[in-house]
Amino acid sequence: MSKKLSQIFDLKSNLETVLSACMYYLNEIMDSERSSIFLFQHWDQQLTIFSSLDLEKHVDSIPKACGVAGWVFTNHEPAVVNDAYKGPRFCKDLDDLTGFKTYNIVCAPLVLSKLCLGTIQSLNKKEGDFNDNDLDLLRLAANMVAISINNSNRYNELLVTNEACQKFIKQISANMGNIFDQ
C-alpha cells in the first residue's frame with residue numbers, strides 16, 4: 001500500500017488530484033465502498049468534505065464534534081465502528097444529506113505536529129467488518145495525507161513568495177534604471 005500511495009504524492013501535483021487518487025487507492029486497499037477526507041475549516045469551525053470520489057467538492061460540512069469523524073477530530077484518536085446506526089458517535093445527518101447508507105466506518109485523524117487537520121475515513125467494508133489491520137493501514141494513509149497537505153501548503157507559499165520576490169526585483173530594477181537615466 002505505501003508504495004502505491006507514495007507514488008501519487010508529488011509537490012507539483014494539484015492537492016485535490018492527489019487526494020482523489022488517494023481515495024481511489026484507499027477504497028481499493030480497504031475494500032470499501034467510499035473513502036473521504038474531512039478538513040477542518042477554521043472560519044466556520046466545520047469539518048468539510050474535501051475529497052471524496054463520488055461527492056461534489058466542498059459541499060458537505062458537519063460541526064467539528066459531529067459524528068464519528070467529529071469525535072476522531074476532537075479526540076485525535078482513530079475509531080472503528082462496525083454497526084454505525086447503533087453506535088452513539090454516529091450522526092446519520094450526512095447519510096440523509098447524501099443518500100448514502102453507512103454500515104461501518106474506520107476513521108483516523110490527520111495529525112501533523114499535534115495539530116489535527118481533519119480526518120480520513122473508509123465506509124462500508126465490502127466483506128466483513130473493519131479490523132485492527134484496516135485501522136493500521138488507515139493510520140499510515142492518514143500520516144501520508146497529513147504530510148502531503150502540509151507539503152502542498154508550504155510549496156504554494158513558496159510559489160507565492162517567489163512570485164512576490166520576482167516582482168520586487170523587477171520594480172527595483174526599473175527604479176534603478178530611472179535613477180541612472182536622470
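**Reading the model: salt bridges, burial and cysteines**

Analyst: The term denotes a side-chain nitrogen of Lys or Arg within 4 Å of a carboxyl oxygen of Asp or Glu. The model is predicted: local features need pLDDT of at least 70 and side-chain atom pairs count only at pLDDT 80 or more, while totals for chains, interfaces and linings use all residues. Residues are numbered from 1 along each chain as its sequence is written, and side-chain values use heavy atoms, with hydrogens and water left out.

User: How many salt bridges does the structure hold, and are Lys125 and Asp134 buried or exposed?

Analyst: The structure holds 4 salt bridges. Burial is read from relative accessible area: buried is under 20%, exposed over 50%, and partly exposed in between (1.4 Å probe, protein chains only). Lys125 and Asp134, whose side chains meet in a salt bridge at 3.1 Å from N to O, are both buried. Arg139 is partly exposed at 39% relative accessibility, and Asp136 is likewise partly exposed at 45%. Another salt bridge links Asp96 and Lys92 at 3.0 Å, N to O; Lys92 is partly exposed, with a relative accessible area of 40%.

User: Which residues of helix H3 are buried?

Analyst: In helix H3 (residues 67-75), the buried residues are Gly67, Val68, Ala69, Gly70, Val72 and Phe73. Just after H3, His76 adopts a positive phi of about 55°.

User: Where is the place of His42?

Analyst: His42 sits in the loop between strand E1 (32-41) and strand E2 (46-52). With a relative accessible area of 56%, His42 is exposed. Its C-alpha atom is separated by 10.0 Å from that of Leu117, 75 residues apart along the chain.

User: How many disulfides does a search of the whole structure find?

Analyst: A disulfide is a pair of cysteine sulfur atoms within 2.5 Å. The search of the whole structure finds 0 disulfides. Cys66 is in none, and its nearest cysteine sulfur, that of Cys91, is 3.0 Å away. Cys107 is also in no disulfide; the nearest cysteine sulfur, belonging to Cys116, is 9.0 Å away. Cys66 counts as buried at 16% relative accessibility, as does Cys107 at 0%.

Terms used. Helix = DSSP H or I, 4+ residues; strand = E, 2+ residues; numbered from the N terminus.
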